[in-house]
Amino acid sequence: MPRYTVHVRGEWLSVPCKDSSKTIRCLGKEALRRYIKNKPDNGGFVTLENVTFYLRRCKGLGLLDLDDKLEDALEDNEFVEVVVEGDVMSPDFIPSQPEGVHLYPLLTRIVPYIEMDGESLTTGDLLNLGKGLYKIKLTAEAAQRVKQSRLLIESIVKEKKVVYGITTGFGKFARTVIPVSQLNNLQVNLVRSHSAGVGKPLSPDRTRMLLALRINVLAKGYSGVSLETLQQAIEAFNACCLPYIPEKGTVGASGDLAPLSHLALGLIGEGKMWSPKSGWADAKYVLEAHGLKPVSLKPKEGLALINGTQMITSLGCEAVERANAIAKQADIVAALTLEVLKGTTRAFDSDIHRLRPHPGQVEVAFRFRSLLDSDHHPSEIAESHRFCDRVQDAYTLRCCPQVHGVVNDTIDFVRNIISTEINSATDNPMVFAERGETISGGNFHGEYPAKALDYLAIGVHELASISERRIERLCNPSLSELPAFLVTEGGLNSGFMIAHCTAAALVSENKALCHPSSVDSLSTSAATEDHVSMGGWAARKALRVIENVEHVLAIELLAACQGIEFLRPLRTTTPLEKVYDLVRSVVRPWMKDRFMAPDIEAAHRLLVDQKVWLVAVPYIEKYRMEHIPESRPVSPTAFSVDSISLSNFSIHDHEDHPGKHNES
């Protein structure tokens with residue numbers, strides 16, 4: 001018999017239907033009847049016959065035709081909402097988020113598995129888990145470790161030992177011993193009381209990352225969680241049942257208690273939960289719709305689920321990967337701008353950078369040489385100003401290796417910290433089965449990822465800071481030798497005038513966001529947690545900084561391509577022409593003013609999807625192989641500097657044409 005889960009004015013009702021040939025209207029009336037029946041005042045309705053209502057799917061909010069048959073319009077166990085005329089939306093209803101649209105096919109699509117062992121997860125793996133490209137299963141070794149640590153917890157309970165978080169209260173209540181009969185309630189109360197976050201929920205992608213990372217930590221076998229509970233968490237992940245996790249509320253010490261508590265709350269069947277099938281609904285109904293049972297917490301398990309740095313670290317993984325992608329593409333965008341502004345390649349000579357051999361600086365200079373005018377890739381634009389009278393370029397062009405380079409080195413530094421963190425046990429107390437004891441410590445403190453992500457934000461911001469100055473040079477005719485604001489009929493048309501203002505606004509916003517949050521600390525929990533990391537905000541604002549950087553570089557990319565239009569019929573190098581062609585596949589030239597925001601977003605999407613890098617990297621790596629034969633090839637989809645051998649970059653390279661500007 002089909003069953004539907006119906007949301008009416010803040011309540012969820014399970015409505016069975018014996019006859020699926022009935023109409024959507026009949027389902028709505030039956031749901032309203034059940035709602036009225038449970039209300040002392042009949043829910044404010046005088047009679048059901050006079051109620052005007054409509055129904056919509058919870059997933060995507062699509063309206064349903066009241067005259068359609070149930071069997072034609074709805075799947076079994078679909079989630080729908082009844083909206084009464086006059087009620088715009090039930091007050092606690094959360095629309096299904098558009099960020100999760102790509103996760104809809106997950107329930108039916110066959111995807112590969114990642115084996116979790118708690119030791120070998122990478123930042124790239126976690127990002128792909130967030131995107132729904134993998135499901136999770138536990139290795140046999142990890143399962144055995146989990147079993148062994150759980151046996152120790154059970155022996156502690158059986159022997160009535162006094163151990164923090166297992167047979168005692170938490171924080172200031174650490175000296176309060178709890179009766180054995182109340183130990184399960186202790187864990188449930190912990191999860192409920194600590195679910196105190198505020199703000200909008202994490203997107204489905206970020207919730208999947210958070211859940212996957214917590215599973216990885218539990219798989220290490222130092223948390224004391226039972227294998228049954230861990231498997232239930234894995235099943236929820238694989239079914240894409242994602243708890244409602246407000247983004248604000250963690251101080252980043254004693255772990256990310258509030259967000260992880262919301263995560264655990266959904267797993268025990270309380271609070272809200274999202275799935276591609278249901279949209280947002282009560283967790284117990286979402287789990288039931290996917291054939292899953294709520295977790296029944298046993299001693300220590302509530303604490304095991306909520307103690308750790310997984311929110312800071314999962315958001316940090318996304319920040320590192322996005323920072324890495326935009327940093328590499330920033331080199332390509334800047335090289336295109338240099339071409340348009342008729343800059344020189346001399347500043348990228350390998351001998352210069354051999355004398356200051358920071359890995360990032362050396363690599364950025366190499367990329368510029370591989371993209372700009374050379375015997376390998378001649379440029380008609382470069383040839384056109386071979387004998388100009390300028391001596392040297394502005395810092396925003398000449399110093400790209402030094403400025404962009406340190407960003408690459410910063411990303412590598414942060415990646416190392418985050419990579420260590422995602423495979424670390426961050427619980428308290430730690431359960432050492434081989435020693436037969438639990439030990440209280442401080443691995444839950446988020447200072448490592450917090451400091452690293454503050455540093456990442458400061459480093460990556462510089463890509464936008466220098467990019468905005470290059471946009472100014474492109475738009476300013478006294479600096480560019482191009483039409484003002486890159487448009488014909490200036491005055492009638494404003495061109496890139498306000499696009500540059502947008503870039504300036506984002507750079508200014510980043511200046512405030514780059515103030516480190518981890519220099520702050522507020523004592524909490526009656527002074528038992530008297531120094532905290534504030535890492536949750538460090539992670540969230542790092543992502544905001546990176547998104548702003550992406551948008552600034554998107555504007556520069558558009559401006560540089562527009563500048564090319566005024567240099568035609570001259571052509572730039574082959575790799576940069578490929579980048580130009582990519583941009584022109586989504587944004588046409590700016591002949592006269594038009595709605596600009598969609599163009600900026602289209603260019604932003606190219607950068608987020610890393611397409612600018614993918615069209616240029618074959619030429620970069622071909623140039624590398626021809627100049628450094630002993631270096632190993634790099635996959636076109638590789639994005640980390642550490643995947644490229646940097647030890648050989650001291651080889652002399654004089655392939656650049658020496659005549660660009662008469663430098664002294």
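A: Two strands count as paired if DSSP finds at least two bridges between them, and the strands themselves (E, at least two residues), like the helices (H or I, at least four residues), are DSSP runs numbered from the N terminus. This is a predicted model, in which local features need pLDDT of at least 70 and side-chain atom pairs count only at pLDDT 80 or more, while totals for chains, interfaces and linings use all residues. Residues are numbered from 1 along each chain as its sequence is written, and side-chain values use heavy atoms, with hydrogens and water left out.

The part to look at is strand β5, together with the sheet around it. Five strands make up this open sheet, in the order β2-β1-β5-β3-β4, and their pairing is mixed. Strands β2 (11-16) and β4 are at the edges with a single partner strand each, so one side of each has no neighbour in the sheet.

On one side of β5 runs strand β1 (residues 3-8), which is parallel to β5 and joined to it by four bridges; here His7 stands opposite Glu81 of β5.

How much of β5 is buried? Six of its six residues are buried, so β5 is largely enclosed by the rest of the structure; buried means under 20% relative accessible area, exposed means over 50%, and partly exposed lies in between (1.4 Å probe, protein chains only). The cover extends to both faces of the strand, with Phe79, Glu81 and Val83 buried on one side and Val80, Val82 and Val84 buried on the other. In a regular strand the side chains alternate between the two faces of the sheet.

Arg3 and Glu288 meet through their side chains in a salt bridge of 3.5 Å, N to O, a salt bridge being a side-chain nitrogen of Lys or Arg within 4 Å of a carboxyl oxygen of Asp or Glu. Arg3 is in strand β1 and Glu288 in helix α9 (residues 283-289), so that the pair links places 285 residues apart. Arg3 is buried, at 16% relative accessible area, whereas Glu288, at 43%, is partly exposed.

The structure holds 38 salt bridges, and another of them joins Glu30 to Arg33, with the closest N and O atoms 2.8 Å apart. Both of these residues lie in helix α1 (residues 24-37), three residues apart, or about one turn of the helix; Glu30 is partly exposed at 22% relative accessibility, and Arg33 is partly exposed at 39%.

Two bridges join β9 to strand β11 (residues 272-275), and Pro243 stands opposite Met273 of β11.

Some backbone details complete the picture. The peptide bond between Asn428 and Pro429 is cis, with omega about -5°, and Pro429 is in the loop between α16 (400-422) and β13 (430-432). Another cis peptide bond, with omega about 15°, joins Arg568 and Pro569. Lys160, although not a glycine, has a positive phi of about 55°; Lys160 lies in the loop between α4 (140-158) and α5 (183-194) and is exposed, at 64% relative accessibility.
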